Amino acid sequence: MENRNQFYNLTESEMLDLWKQVMRLATPRRDCTVEWDDGIDLDALLITHIKQWYAHLLNTAPAHLLPIEDLASDVELTTRDGMVIATSPEQSVRPVEWKLAEWQRSVTTFLDPCSHEAMLQLNEWNRGGAYNPAIIDYGFQLLMMSTASASPQLELARCVVRPADGSYQFHASLLSTIPEWEQSLPNPLV
């Protein structure tokens with residue numbers, strides 16, 4: 001069960017402030033202003049790091065620590081030879097749980113197109129049925145196996161999503177990955 005109380009929902013400037021705090025880059029207040037224009041734009045560099053880190057999280061972190069939405073009403077479906085091709089909406093980053101109405105269970109493990117299991121699904125005799133459905137993940141298109149219906153209905157399409165408002169939404173436990181992320185980036189000055 002997700003604990004939504006430990007989720008951050010931050011604007012870009014709030015995320016920048018938090019990033020500086022985690023990386024110990026926040027300057028203490030001294031009631032004065034100092035400006036200079038030689039050197040790097042630290043905020044712009046950190047914003048780039050933040051965007052890279054967040055994109056990486058959306059693709060790799062455990063789904064329950066990220067924003068998830070049911071996008072079933074936004075998914076386009078087409079059928080071909082007993083298979084359903086689903087085109088995910090733009091805000092979808094990766095699938096979490098999908099189910100056609102005629103299936104007896106949902107799919108939570110999505111097959112890599114190059115995997116042995118995916119290759120087996122391409123043979124109609126090996127293909128999963130309503131009791132053992134399978135989905136091959138091609139990125140923004142998913143090949144959903146085993147439908148008997150000419151007009152299938154998507155009952156559930158839970159996905160990790162990129163927030164439409166550009167905010168950063170994630171579980172507080174993911175803050176601990178920031179220092180490691182910063183260390184993993186190549187140093188352009190070396």
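Helices (H or I, at least four residues) and strands (E, at least two) are DSSP runs, numbered from the N terminus. In this predicted model, the elements follow one another from the N terminus as β-α-α-β-β-β-β-α-β-β-β-β-α, with four helices and nine strands in the chain. Residues are numbered from 1 along each chain as its sequence is written, and side-chain values use heavy atoms, with hydrogens and water left out. Since the model is predicted, local features need pLDDT of at least 70 and side-chain atom pairs count only at pLDDT 80 or more, while totals for chains, interfaces and linings use all residues.

The chain has 190 residues, and 41% of them count as buried, that is, under 20% relative accessible area with a 1.4 Å probe and protein chains only, where exposed means over 50% and partly exposed lies in between. Of the contacts (heavy atoms within 4.5 Å) between residues at least 6 apart in sequence, 75% join residues at least 24 apart.

Strand S7 (residues 141-145) has four of its five residues buried, so the strand is largely enclosed by the rest of the structure. Two strands pair if DSSP finds at least two bridges between them. S7 pairs in the antiparallel sense with S4 (residues 83-87) over five bridges, and Gln141 in S7 is the bridge partner of Thr87. S7 also pairs with S6 (residues 135-137), in the antiparallel sense over three bridges; here Leu142 in S7 stands opposite Asp137. S6 and S7 form a hairpin with three residues between them, and Gly139 in the turn has a positive phi of about 95°.

Helix H1 (residues 12-22) and helix H2 (residues 42-60) have axes that come within 10 Å and cross at roughly 95°. The axes are lines fitted to C-alpha atoms over the stretch in contact, with angles from 0 to 180 degrees between N-to-C directions. H1 and H2 are therefore roughly perpendicular to each other, a term for angles of 65 to 115 degrees. Among the residues making this contact are Met15, Leu16 and Trp19 of H1 and Leu46, Ile47 and Ile50 of H2. By class, the contact has seven nonpolar, one polar and four charged residues; Ala, Val, Leu, Ile, Met, Phe, Trp, Tyr, Cys and Pro count as nonpolar, Asp, Glu, Lys and Arg as charged, and the others as polar.

Arg24 lies in the loop between H1 and H2. Most residues other than glycine have a negative phi. Arg24 is not a glycine, yet has a positive phi of about 60°. With 78% relative accessibility, Arg24 counts as exposed.

How values were computed
Parallel < 35°, antiparallel > 145°, perpendicular 65-115°, else oblique.
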